[in-house]
Amino acid sequence: MSVKTCYYEVLGVDRQADGATIKKAYRAMALQYHPDRNPGDAEAETKFREAAEAYEVLSDQEKRRLYDQYGHEGLNNAGFQGGFQDFGDIFSAFGNIFQDFFAGGGGPSARNRPRPGRDLVYEAVIEFTEAFTGTSIELKIPREETCEECDGTGSKSHSRSTCQQCGGQGQVYQGRGFIRMASTCPICRGTGTIVTDPCDSCRGHGRIKRTRTLNVKVPAGVDTGSRMRLTGEGESGYNGGPSGDLYVELIVRHHEFFSREHNHVLLERKIDLVTAALGCEIDVPTVTGENEKMTVPAGAQNGKLLRLTGKGFKSPTGGATGDLIVSLIVTTPQDLTERQEAILREFADLEAEKRGDSPIKRLAKKAKRKIKKALG
Ligand SMILES: [Zn+2]
Ligand SMILES: [Zn+2]
């Protein structure tokens, strides 16, 4: 009987090491002495085998207990034939250890464990007024769902059979001797199982494309770029995993008259020169459709801003409501009648008089300044 090295020493862990530590140690060793990396190296081959044997025992609670109490002999007495004859056996037993290392690996345990469904993103276009008041929109979302007929098994009888190609491992091994590469089983696509009686409704896939109609409430105050998350409305999970989420991204259409800055609604309102000069009350449209009265103070200049507090967008996140801000555009009268022109000329004279300089006086002042300048 050959003398065996202590399993803990083989993996370089101490006797109290937990499962995760042992697995990590084995993985490191297995990768270091992997036959693909050490072709023709007998010593590496031995280490690779020893590590696998040690891991087989220490990763199994019952075997580890026997080994801890009675050593190698305890395992022999319990009928455990330690060691691996073939690399294929090692890969079959611990192939999933290498799954991150070799492309195409994975193994049935990885393929078959519950995984969440994909998140979906959907863009929805709404009107400016809808963004202002809030609305509800109907969305038709095409998505993948678990087939209800077969509960996602893909099988009429809800049962899958073990794949004969890979013996249920989900991986096949190619190559001879030291060079062995694991790749995903092409027959079962890594699941380790196949369907012999495909479900009519999903044709054996276990999932079907379905367009789902959703009514989504859009809160008042949203803007282009606002995102709403609908938990669980994404694609169905795999193997009983949770569904993904649906994100609805909003695009708000431009409005003919209104625009938006932060939560304020902006509006340009034309008033004529006389109204601007005299002041008055004007009607101003609001986003909701009804008119509001606003006071234009006498002498309002072009571009003057009037503000209606709290008549802007609500904040969907609970912040301050914006204002309605009206920018006045003063227009100059055109196509004057003779009488209008005469009145405006008279008005101009009165303005000049008011400032205390008649046209003749103005000319005189100008002449005086010129003379002064000429004299230095
Ligand atoms: Zn297979
Ligand atoms: Zn089905």
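Two strands are taken as paired if DSSP finds at least two bridges between them. In this predicted model, strand S14 and strand S15 (residues 324–331) meet that criterion, being joined by four bridges in an antiparallel arrangement. Within this pair, Leu308 faces Leu324 of S15. Both strands belong to an open sheet of four strands with mixed pairing, ordered S10-S11-S15-S14. Its edges are formed by strand S10 (259–261) and strand S14 (305–308), each of which pairs on one side only. On average, neighbouring strands of this sheet are turned by 35° against each other, direction ignored.

A further open sheet is built from three strands in the order S1-S9-S8, and here the pairing is mixed. Strand S1 (120–126) and strand S8 (227–230) lie at the edges, each pairing on one side only. Turning to the individual contacts, S1 and strand S9 (residues 246–252) run parallel and are linked by seven bridges. Leu120 takes its place opposite Leu246 in S9.

Technical notes. Residues are numbered from 1 along each chain as its sequence is written. Chains are lettered from A and ligands numbered from 1 in the order in which they are written. This is a predicted model: local features need pLDDT of at least 70, side-chain atom pairs count only at pLDDT 80 or more; totals for chains, interfaces and linings use all residues. Side-chain values use heavy atoms; hydrogens and water are left out. Helices (H or I, at least four residues) and strands (E, at least two) are DSSP runs, numbered from the N terminus. Axes are lines fitted to C-alpha atoms, for helices over the stretch in contact, and angles run from 0 to 180 degrees between N-to-C directions.
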